[in-house]
Amino acid sequence: MSNLNIQIHETAFVTSTFRSLNEDLSRDMYAQLWDNSRTAIWVEKYLDQVCSEEVSAHCLRNRFFLEEIERLKPEVLINFGSGFSMYPFLLNDDMIHIEIDKEEVVSYKQEMVKEFQKEGKLPERNIHFIGVDFSQDYVDALLEKLILLKGNKSSFVLIEGVLFFLSRKDTEKLFEFFFRLQEKGDYIGSASFQNELKSSKAFEKLFDFCNREMVKTEASDWQTIEDEFYKENTSYDLINHQDYFSLSKKHNNLIKLEKELILNENFYILKKIV
Ligand SMILES: C[S@@+](CC[C@H](N)C(=O)[O-])C[C@H]1O[C@@H](n2cnc3c(N)ncnc32)[C@H](O)[C@@H]1O
């Protein structure tokens, strides 16, 4: 496998480019700051070989989580696998942001954000960047850091575009971590593909594309997650569940492809009840 393959952190550039391609739908006017020529080639290839509706799908995902966070008004937003998403700049300036991703992603993002702010392209925000690999041993050290930063403030944990790349073991470990971190009344926002999608033409194309073009991750397989994973969590209630189709309806997004060809991602909001 050559270094011409997509590295895991580059998927974050791809996601941001999708968001920048329809700012009205994503409500993200800052995503274009991450556009670059290498990613543009991948995006074109991906839209052609996997699914041309991925721009709308990613814009709607951003729109959904942005509006849920605006509505639920947590004091702290903790974004796991934050990539180059721009929520801190799209939300009110009184929120505290903690962005967690692989070290190379957060250090690059931190440096570039500083640069963009110096150039007047981004407003000032209260952001803490933490480098962590979710497939490594991170629990105690990260918990200590987050508890110090968060105190007893209310929190929203966001994990979007990440679980596909993780193993089930690492996913369960993360949700157990969220439980230890959060208080009753706090929220989790999560995005994942349902197991049933695996038998669709769209997933077959995604699977082929990832196996051909991407550097392999820790996950033995590309992960999908059954609804029961969220519904049967005894510490959190599933209070909102959407997908590409329901959000398209809400925001008048015209669906052009037949269902079988769409990578229908599902979006879940959980509320801690204990
Ligand atoms: C497709 S991007 C999504 C980024 C962001 N959540 C968004 O929606 O714009 C996936 C992100 O997950 C991060 N990621 C994947 N595996 C990870 C791991 N084992 N540890 C930490 N971060 C990881 C990548 O570095 C990347 O930033």
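How close do the axes of helix 1 and helix 4 come, and at what angle do they cross? They come within 8 Å and cross at roughly 90°, with axes taken as lines fitted to C-alpha atoms (for helices, over the stretch in contact) and angles running from 0 to 180 degrees between N-to-C directions. Bear in mind that this is a predicted model, where local features need pLDDT of at least 70 and side-chain atom pairs count only at pLDDT 80 or more, while totals for chains, interfaces and linings use all residues. Residues are numbered from 1 along each chain as its sequence is written. Helices (H or I, at least four residues) and strands (E, at least two) are DSSP runs, numbered from the N terminus.

**Helix 1 and its cover**

- Helix 1 is mostly covered, with 10 of its 11 residues buried; buried means 20 or more other C-beta atoms within 10 Å of a residue's own, exposed means 12 or fewer, partly exposed is in between, and the C-beta atoms are placed from the backbone.
- The buried residues here are Thr11, Ala12, Phe13, Val14, Thr15, Ser16, Thr17, Phe18, Arg19 and Ser20.
- Their cover includes helix 2 (23–26), helix 3, helix 4 and helix 6 (103–118).

**Helix 1 against helix 4**

- Helix 1 and helix 4 are roughly perpendicular to each other; by the cut-offs, angles under 35 degrees are roughly parallel, over 145 roughly antiparallel, 65 to 115 roughly perpendicular and the rest oblique.
- On the helix 1 side, Thr15, Phe18 and Arg19 do the touching, and they meet Glu54, Val55, His58, Cys59 and Asn62 of helix 4; a contact is two C-beta atoms, placed from the backbone, within 7 Å.
- That contact splits into 3 nonpolar, 3 polar and 2 charged residues, where Ala, Val, Leu, Ile, Met, Phe, Trp, Tyr, Cys and Pro count as nonpolar, Asp, Glu, Lys and Arg as charged, and the others, Gly among them, as polar.

**Helix 1 against helix 3**

- These two axes come within 9 Å and cross at roughly 70°, so helix 1 and helix 3 are roughly perpendicular to each other as well.
- Helix 1 brings Glu10, Phe13, Val14, Thr17 and Phe18 to the contact, and helix 3 brings Thr39, Ala40, Trp42, Val43 and Tyr46.
- The make-up of this contact is 7 nonpolar, 2 polar and 1 charged.

**Helix 3 and its two sides**

- Helix 3 (residues 37–49) has 13 residues, which at 1.5 Å a residue should span 18 Å; its end C-alpha atoms sit 19 Å apart, which agrees. The expected span is 1.5 Å times one less than the number of residues.
- Thr39, Val43 and Tyr46 are the buried residues of helix 3.
- Looking down the axis, those buried residues fall within an arc of 70°, so they line one face of the helix; the arc is that of the directions from the helix axis to the C-beta atoms.
- As background, an α-helix has 3.6 residues a turn, so residues three or four places apart point the same way.
- Turned away from the buried side are the exposed residues Ser37, Arg38, Ile41, Glu44 and Asp48.
- Among the elements covering the buried residues of helix 3 are helix 1 (10–20), helix 4 (54–72) and helix 9 (201–213).

**Positive phi in the loops**

- Most residues other than glycine have a negative phi.
- Arg27 has a positive phi of about 60° although it is not a glycine. Arg27 sits in the loop between helix 2 and helix 3 and is partly exposed, with 17 other C-beta atoms within 10 Å.
- Lys73, also not a glycine, has a positive phi of about 50°. Its spot is the loop between helix 4 and strand 1 (76–80), and Lys73 is exposed, with 12 other C-beta atoms within 10 Å.

**Residues further along the chain**

- Gln223, in the loop between helix 9 and helix 10 (227–231), is partly exposed, with 19 C-beta neighbours inside 10 Å.
- Beyond its neighbours within four places in sequence, Gln223 contacts Leu163, Phe164, Leu166, Ser167, Arg168 and Thr171.
- Tyr244 belongs to helix 11 (residues 244–250) and is buried, with 24 C-beta neighbours inside 10 Å.
- Not counting residues up to four places away in sequence, Tyr244 touches Ala57, Leu60, Ile262, Asn264 and Glu265.
- Lys259 is in the loop between helix 11 and strand 7 (265–272) and counts as exposed, with 12 C-beta neighbours inside 10 Å.
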